[in-house]
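Please look over the sequence and the structure shown below before reading on. The report then moves from single residues to the chain as a whole.

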Amino acid sequence: MKSNEIRKRFLEFFEKRNHKIIPSAPLVPENDPSVLFNTAGMQPLVPFLLGEKHPAGTRLADAQKCVRTNDIDEVSDNTHFTFFEMLGNWSLGDYFKNEAIEYSFEFLTSKDEGLGLDPKRLYVTVFEGDENAPKDEEAYKKWKEIFEKAGLNPDERIFWMSADSNWWAAGDNGPCGPDSEMFYDRTENGLGGLTKEEFIKADDRQDVVEIWNDVFMEFLKKDGKVVGKLDQQNIDTGAGLERLTAILQNKKSPYETDLFENEKEILEKESGKKYQDFQKDFRIILDHLRTSTFLISDGVIPSNKDQGYILRRLLRRAVVRMKNIEFPNEKVSEIIKSYIQKYSEIYPNLKEKENLILDEIQKEIQKFEKTLSAGLREFQKIIDVEIKNNHIQKLEFGQIEADAKALNEIHGDDAFKLFSSYGFPLELIIEEAEKHGFVVDVKGFEEKMKEHAEKSKTASAGKFKGGLGGDSPKIVAFHTATHLLLAALKKFVGEHVSQKGSNITEERARFDFNNPEKVQKDVQEKIENWINEVVEKGAEVKVEEMPKAEAEKDPSITGSFWEKYPDVVKVWTIEKDGEIFSKELCNGPHVKNTKELAEFGRVKIKKEESSSAGVRRIKLVFEK
């Protein structure tokens, strides 16, 4: 079964069961500075899991684009990717454990509507209970009923597991609860019934692999402790498309499935190398170029900070691997076009942004080529200095040859300089060092990286805290202020202005918008004054729901990233005595009256600068 068919079957299965199919949120989360990317299927839905009403209803299903880079060094093994798709179905205070488990089993095993997997190869785990919550008897009972109905012994299929593997929580505060995981036997002849010990060993050997997870959000955690039940019990299920595709196509790794088939052929044809001979290089190129394609389609541009820095790192790592297999840079566009064609039906913004994607990737590759030459010259200087120092030490201390060789090391400071100043990925530094008989002080390099990350306060590790960047009153006020900012930009700069991105913290709101030139100081002052006048007037902030098709036709409604919204949308209006100051598509949250912004001070434009070609950035603060 092809990957597109798996995704299609999943969405159709749940649509038939009264789930509304919602579009994937962009990879860059809105108003959540705690994380650079959407790293899990549930992340964009956190406000609704916490009780906010979703415009599409209480039963949802989607295919969510995700990016994780905290384990980037593991990419090239059989299971790790920086970009992946999570298939998920959701119940927001609607059905609970019994129905969720029934749906999971039915989709996995149904030959007519689902994946047609063999029930004899399925195993499940359930929560065994601890001091926070009791054993999940309800989930166990349901699974027992299902396996007995299938003619299988539940004792050989269902295993009680600890919170380490069968308890979900977004962090120390918020919803949490037990989960039930489904595993599939991938051995040639089948393992049959297993004891718990045999199952654990089979899992360690990857003879059985996890293919689905049902999370039962029924408890509330505060300061790391479970304090009671949630008012709204939710279901959050997830299955990775890449892993399901590998299983359905009986491949050892998703890299050998149709998800990468055409692109792999392009690499082989243009490099003259075989995938099996250069597996690590091929896999890193395939993964990183796919991720880069999706990141640019969602508004990320290569830069030296935040999401742009991750994109730059991915592209440069890909270039290094392309050099290893002698793949010509000018042929990268063929791979990118292949990905765009493959995914455009489900993610149409890829086709819409095709020229931008191709241009940005080519520009970054060319830029790195120039940096690479300068970096290699610097690398040679470092080598020459180390060789000279080693020679002097050998003469002074009479060291034997082996000791002298042990001193051939690229120090952490030098490695970090190559990385930060010349864009050398660590693997390139290591490979170049090996060519000269040197080793790299990786520990010292990592210490410098950690120090740099702390100074820049980036979230490069991709740590997910859950929720919006914060739902504090100040962050909510900043969010409403950005709506007024966009309205003011349209009023004083031009109707062509649209939002290109935003990021909000307790300290400031950062807002990106399209404009070919700098917004002059006198215009900035007009924008500031207008926003603060609206604040002082005490305009009401109201929300209404309407069909997206209707909203798109209404010229009075401002909207960006329409493709990420469901068929029913929220429109926020800021008005006073019939005068409308802003009317914008958004998922909130917002203040109820603009006077609430005045509690934090006067709105002030702290900085206006270039973000990327044709895109400007404004930093907004409150000043007392």
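## Terms and origin

Helices (H or I, at least four residues) and strands (E, at least two) are DSSP runs, numbered from the N terminus. This is a predicted model, in which local features need pLDDT of at least 70 and side-chain atom pairs count only at pLDDT 80 or more, while totals for chains, interfaces and linings use all residues. Residues are numbered from 1 along each chain as its sequence is written, and side-chain values use heavy atoms, with hydrogens and water left out.

## Thr 109 in helix α3

Thr 109 lies in helix α3, which covers residues 97–109. Its relative accessibility is 14%, so Thr 109 counts as buried (buried means under 20% relative accessible area, exposed over 50%, and partly exposed in between, with a 1.4 Å probe and protein chains only). Leaving aside residues up to four places away in sequence, Thr 109 touches Gly 116, Leu 117, Pro 119 and Leu 122, where contact means heavy atoms within 4.5 Å.

## Gly 177 in strand β7

Gly 177 is found in strand β7, residues 174–185, and with a relative accessible area of 0% this glycine is buried. When residues up to four places away in sequence are not counted, Gly 177 touches Trp 167, Trp 168, Phe 216, Glu 218 and Phe 219. Gly 177 and Asn 132 are 45 residues apart in sequence, and from C-alpha to C-alpha they are 9.5 Å apart in space.

## Helix α11

Helix α11 has 12 residues (332–343), which at 1.5 Å a residue should span 16 Å, and this agrees with the 17 Å between its end C-alpha atoms; the expected span is 1.5 Å times one less than the number of residues. Among the buried residues of α11 are Val 332, Ile 335, Ile 336, Tyr 339 and Lys 342.

## The whole chain

The chain has 21 helices and 18 strands, and its C-alpha atoms fill a box of roughly 90 × 75 × 50 Å, taken along the principal axes. For 624 residues a compact globule would have a radius of gyration near 25 Å, and the 27 Å of the chain agrees with this; the radius is taken over C-alpha atoms, and the globule rule is 2.2 Å times the number of residues to the power 0.38.

Of the 624 residues, 54% count as buried. Among contacts in the chain with a separation of 6 or more, 71% come from residues 24 or more positions apart.
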